[in-house]
Amino acid sequence: MNNKVETYIGFAIKKGSVIFGCDNIEKYRKKIRLVLYTGTLSDNSLSVLKAVSDEKKCPLIKIENYDVLVKRNCKALAITDVSLANAIIENLMLVAGR
């Protein structure tokens, strides 16, 4: 994963703008700006995240494993801060465009 993306995710965690785990993302009632998931996520959980993404009208993006997710035994996270979500999306698109 891009170092800038890791940094932005770290900022979001410190700011308290992250929701960890599929169940918590599904239960969250406020605005979600971005949903990120790892490749090891199960098909059922991925379908739940797709439904949440459609309902909340936010992007759903696959990422590589991130240390914070591995330490928390978590395979998905959601970003609630609009500026950090936009920065992560922009950097992921730049990396994908290379």
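The radius of gyration here is taken over C-alpha atoms, and the globule rule is 2.2 Å times the number of residues to the power 0.38. For the 98 residues of this chain, that rule puts a compact globule near 13 Å, and the chain's own 12 Å agrees. Keep in mind that this is a predicted model.

**Fold and overall shape**
- Reading from the N terminus, the elements go α-β-α-β-α-β-α-β-α.
- The C-alpha trace spans about 30 × 25 × 25 Å along its principal axes.
- Take the contacts with a separation of 6 or more: 79% of them link residues 24 or more positions apart.

**Surface and burial**
- Buried residues make up 43% of the 98 in the chain.
- The chain's accessible surface is about 6,000 Å², and carbon and sulfur atoms own 47% of that.

**Cysteines**
- The disulfide count is zero, going by a cut-off of 2.5 Å between cysteine sulfur atoms.
- Cys 58 has its closest cysteine sulfur in Cys 22, but the gap is 13 Å, so that's too far for a bond.
- Cys 58 also counts as buried, because its relative accessibility is 7%, under the 20% limit.
- For Cys 74, the closest cysteine sulfur is again in Cys 22, and at 7.2 Å it's too far for a bond.
- Cys 74 is buried as well, with a relative accessible area of 13%.

**Aromatic rings**
- Searching the whole structure turns up one aromatic pair.
- Phe 20 has Arg 72 over its face, 4.1 Å from the ring centre.

Methods:
Residues are numbered from 1 along each chain as its sequence is written. This is a predicted model: local features need pLDDT of at least 70, side-chain atom pairs count only at pLDDT 80 or more; totals for chains, interfaces and linings use all residues. Side-chain values use heavy atoms; hydrogens and water are left out. Rings of Phe, Tyr and Trp (its six-membered ring) pair if their centres lie within 6.5 Å; planes under 30 degrees apart count as stacked, over 60 as edge-to-face and the rest as tilted. A charge sits over a ring if NZ of Lys or CZ of Arg is within 6 Å of the ring centre and within 35 degrees of the ring normal. Helices (H or I, at least four residues) and strands (E, at least two) are DSSP runs, numbered from the N terminus. Buried means under 20% relative accessible area, exposed over 50%, partly exposed in between (1.4 Å probe, protein chains only). Contact means heavy atoms within 4.5 Å. Accessible areas come from the Shrake-Rupley method with a 1.4 Å probe; for residues, only the protein chains shown count as cover.
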